[in-house]
Amino acid sequence: MALRQIFEQGLGLHRAGRLDQAEAAYRQVLRSDAGNFPALHMLGYLKAQQGRYDDAITLLNKALKKKPGDATALGHYAHALMAAQRLHEALAAFDQVLAGQPNNFEALFNRGVLLSRMQPPAEAIAALDRALALQPNIALLHFNRGVVLGELQRHREALESYDRAVALDPAFAPALSNRVMAALNLCDWDRVAQMTQDGSILLAPPLTLLGVTSDKQVQLSRAAAAVRELTPRIPPPLWTGQAYRHDRIRVAYISADMREHAVAFQLAPVIEHQDSARFQVIGISTGLSDDSAIRARLVKGFDRFHDFAALNSDEIARRLRDMEIDIAIDLGGHTGFSRLQIFAHRFAPVQASWLGYAGTTGAPFIDYVIGDAVVTPFAHQLFYSEQLVHLPGSFFPALLGRSDTALSRAQVGLPEKGFVFCCFNTAWKITAPVFDVWMRLLAQVPGSVLWLKRTAPDAAANLERAAAARGIDPARLVYAEDAPLEVHLARHQLADLFVNTLPYNAHTTAADALGAGLPVLTCEGEAFAGRVAASLLRAAELDEMVTQTLAEYEAKALELAHNPEKIKALKDKLGKANARLFDVVRFTRDLEAAYAIMSERRGAPPQSFSV
């Protein structure tokens with residue numbers, strides 16, 4: 001049969017979805033003519049469809065050497081590079097498409113998406129606006145514009161873009177869910193309440209939902225639904241009961257946040273203190289590198305470190321199986337660029353969730369969630385798809401963070417006198433009931449101020465309007481600007497009391513405050529995300545700072561604001577820094593004890609336990 005006929009036959013099979021047979025036909029052509037452009041092109045496209053992006057890129061690159069100007073092949077090549085996280089190369093490929101076709105909508109659209117992920121977002125907006133000028137009624141285009149606007153902290157415009165996307169496609173779930181986060185970032189509590197009433201809040205991503213409701217059953221249901229969307233078909237397990245014979249337990253930490261991120265800073269000292277005689281620790285980065293000092297520290301701290309950002313989830317899982325990992329720790333859950341679907345391949349005997357996500361993953365392929373008696377009490381087991389592991393102190397590794405930098409109140413915009421209530425949480429964690437408490441405290445403590453993290457202008461305007469509506473001068477809201485870590489830790493000394501949020505607590509932010517010597521007051525929530533500060537405080541032997549209702553929280557804050565000697569006593573207690581909370585070596589030994597128990601039980605159904 002002539003090569004052209006064989007290729008046409010393969011093309012028909014390809015269109016019919018019979019990919020294996022199509023691949024055989026294309027390869028038959030290439031065995032006779034290794035440089036055949038149509039066969040190289042379509043086999044590369046087929047490999048991309050299968051998620052084998054490395055193979056696709058190689059084949060499409062060969063095809064383009066034969067026909068450098070073929071726009072279709074170049075587009076497929078750019079898409080494969082984009083899917084493989086080779087973003088700079090993908091951007092160059094889309095630019096090459098646009099050089100020949102300046103109004104190519106798909107290239108403009110994807111260029112905007114890439115720029116939104118690579119920075120600077122302003123360029124992404126320009127590219128997306130050019131695409132909108134060509135096709136203004138594409139919901140996905142408005143959605144992506146909203147994402148970029150959110151990165152630029154232009155949350156009101158982002159919300160408008162999401163609204164436009166929903167108007168064009170009322171069933172467009174990503175836009176429906178992102179509207180929730182945009183409203184939270186704006187502190188637009190009326191809009192959040194409206195979305196709660198009409199039920200659209202239940203479409204929010206699991207992480208966003210943690211900041212809206214403390215209903216543990218709702219959180220579990222949404223997380224499980226997100227897992228089904230992510231992995232509609234659970235693949236066959238890669239680990240099928242093999243007994244590994246290792247001289248050390250191999251623990252792999254898998255995260256997209258091996259960069260300037262809270263997870264990286266909390267993880268680094270644990271890795272550095274792990275018992276190298278008993279454990280081999282392996283870092284798996286699934287996100288882009290930022291070449292930061294903390295990433296370099298992690299690379300040095302791990303026994304082995306692999307950058308798998310450019311690989312698809314299937315390939316990462318296969319490589320991890322080949323490494324014979326004993327225990328795999330997911331540090332992301334349903335956050336950001338997490339790759340939870342890697343774990344669906346069951347590449348390790350034990351797979352657990354820890355640190356990066358304060359809730360259940362809802363994933364049947366995650367065996368354990370590592371917590372403690374406060375954040376994940378055994379009485380809450382019903383609301384977790386995983387079995388619960390309790391560390392003896394807090395599940396959260398906290399570090400002493402005192403700074404020698406000397407600051408004055410004037411330098412950070414605070415009044416020279418008066419009580420300073422402080423909350424450095426991101427704006428989306430601030431809810432109306434908690435803000436009401438804060439405003440009543442300001443009303444009852446003359447001369448006091450509320451010190452907040454600098455937020456987007458639209459959100460600040462909403463908070464100031466809300467303060468005025470509650471009879472408080474908006475000038476009593478003071479904002480802490482972005483600052484280097486040493487300065488950020490030092491300025492805690494200028495505050496009197498950290499007042500926490502609900503239903504999503506301060507986590508790293510609370511640990512920073514306690515480590516810097518600033519007392520934290522919290523109301524213990526119903527679900528994991530609202531119980532983290534209580535876990536930290538109890539481990540720091542400050543149980544008296546954990547309240548059970550907002551009324552009790554308000555009364556305690558008022559009592560402390562009127563009794564400076566009690567604030568001083570709390571700061572002195574923290575200053576001794578002798579609690580379990582700040583003992584990273586002890587924490588690491590406790591974590592290792594949990595790993596040892598997990599390892600002993602591998603192959604058997606997981607069961608909850610305490611260390």
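Modeller: This is a predicted model, in which local features need pLDDT of at least 70 and side-chain atom pairs pLDDT 80 or more, while totals for chains, interfaces and linings use all residues. Residues are numbered from 1 along each chain as its sequence is written, and side-chain values use heavy atoms, leaving out hydrogens and water.

Biologist: Which helix gives the most to the lining of the second largest pocket?

Modeller: A pocket here is an open set of points on a 1 Å grid over the protein atoms alone, where a 1.4 Å probe fits, with protein on both sides within 12 Å along at least five of seven lines; lining residues have an atom within 4 Å of a point. This pocket is lined by 16 residues, and S313 and D314 are among those nearest its centre. With helices taken as DSSP runs (H or I, at least four residues) numbered from the N terminus, the top contributor, with 4 residues, is α17 (residues 313–322).

Biologist: Against which strands do the buried residues of α17 pack?

Modeller: Buried means under 20% relative accessible area with a 1.4 Å probe, protein chains only. The buried residues in α17 include S313, I316 and L320. Strands are DSSP E runs of at least two residues, and the packing partners are β1 (249–255) and β2 (279–285).

Biologist: Which residues does Y595 contact, leaving aside neighbours within four places in sequence?

Modeller: Contact means heavy atoms within 4.5 Å. On that basis, the partners of Y595 are V251, Y253, Q274, F279, I327, I329, W354 and I370.

Definitions and conventions
Buried < 20%, exposed > 50% of the residue type's maximum accessible area, 1.4 Å probe, protein only.
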